[in-house]
Amino acid sequence: MYILRVKSTFDSAHFLKGYEGKCANIHGHRWKVEIEVGSERVEEEGTQRGMVVDFGTLRDDLKSVTEKMDHTLIYEKDSLKPTTIQAMKEEGFSLFEVDFRPTAENFARYFFTLIKDMGYSVIRAGVYETPENYACYEE
């Protein structure tokens, strides 16, 4: 099997509502996302002959997802009061709402699903929350 991996990074803040510990408070990370796609064969004709997919296209598709989250506060739906969200928007802060607790594990599944929905044969999605802490998701 051929396996290709691309990476993208972004900086954002998040917090874990209901968590007992430091991560309950707003804090930031430099997230690194890795996507692996695979195939039993490479293209036999055309401009992508000899390739599974074009690295540049896959990388650009991943970046299109991660750049929406860059320099935002990522928060779980219903974890902030509507008045807090409105006040932050009025102050010009960039917010990104997700419908899951924003953990590395959940982000791995989130990115896996988004890239798969773009038509790629995703094998694994991995997320580094820090250089030492990594979570991945596979189906």
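This is a predicted model: local features need pLDDT of at least 70, side-chain atom pairs count only at pLDDT 80 or more; totals for chains, interfaces and linings use all residues.
Q: What makes up the protein chain, and in what order do the elements come?
A: The chain has 3 helices and 6 strands. Starting at the N terminus, they go β-β-α-β-α-β-α-β-β. The C-alpha trace spans about 55 × 30 × 20 Å along its principal axes.

Q: How do you know that β1 and β2 pair?
A: Count the bridges. Two strands pair if there are at least two bridges between them, and β1 (residues 2–14) and β2 (residues 27–39) have 13, in the antiparallel sense. As one example, I3 has G38 in β2 as its bridge partner.

Q: What makes β5 a partner of β2?
A: The cut-off is again at least two bridges. Between β2 and β5 (residues 122–128) there are 6, and the two strands run antiparallel. If you want a spot to look at, V33 stands opposite V127 in β5.

Q: And what about β5 and β6?
A: Those two are joined by 4 bridges and run antiparallel, with at least two needed for a pair. Y128 has Y134 in β6 as its bridge partner.

Q: Why are β4 and β6 called edge strands?
A: Take the strand order first: the open sheet reads β4-β3-β1-β2-β5-β6, with mixed pairing. β4 (95–98) and β6 (134–137) each have a single partner strand, so one side of each has no neighbour in the sheet. On average, neighbouring strands in this sheet are turned by 35 degrees against each other, ignoring direction.

Q: Why are α1 and α3 called oblique?
A: The axes of α1 (residues 55–66) and α3 (residues 104–117) cross at roughly 130 degrees. Roughly perpendicular covers 65 to 115 degrees and roughly antiparallel starts over 145, so α1 and α3 count as oblique. Their axes come within 11 Å, and the crossing is right-handed.

Q: How many aromatic pairs are there in the whole structure?
A: The search turns up 9.

Q: Why is the pair Y110 and F111 called edge-to-face?
A: Two numbers settle that, since a pair of aromatic rings is described by the distance of the centres and the angle of the planes. The ring centres of Y110 and F111 are 5.4 Å apart, with the planes at 70 degrees. The limits are within 6.5 Å for a pair and over 60 degrees for edge-to-face, so the Y110 and F111 pair gets that name. Both rings also belong to a cluster, linked by ring pairs, of F10, W31, F100, F107, Y110 and F111.

Q: How do you know that F111 is buried?
A: Its relative accessibility is 1%, and buried means under 20%. F111 therefore counts as buried. Across the chain, buried residues make up 39% of the 139 residues.

Q: Why does R30 count as exposed?
A: R30, found in strand β2, has a relative accessibility of 53%. R30 and H71 are 41 residues apart in sequence, while their C-alpha atoms are 9.7 Å apart in space.

Q: What makes K32 a charge over the face of Y128?
A: The distance part is simple: K32 is at 4.6 Å from the ring centre, and the limit is within 6 Å.

Notes: Residues are numbered from 1 along each chain as its sequence is written. Side-chain values use heavy atoms; hydrogens and water are left out. Rings of Phe, Tyr and Trp (its six-membered ring) pair if their centres lie within 6.5 Å; planes under 30 degrees apart count as stacked, over 60 as edge-to-face and the rest as tilted. Buried means under 20% relative accessible area, exposed over 50%, partly exposed in between (1.4 Å probe, protein chains only). A charge sits over a ring if NZ of Lys or CZ of Arg is within 6 Å of the ring centre and within 35 degrees of the ring normal. Axes are lines fitted to C-alpha atoms, for helices over the stretch in contact, and angles run from 0 to 180 degrees between N-to-C directions. Angles under 35 degrees count as roughly parallel, over 145 as roughly antiparallel, 65 to 115 as roughly perpendicular and the rest as oblique. A crossing is left-handed if the near helix is turned anticlockwise from the far one by less than a right angle, and right-handed if clockwise.
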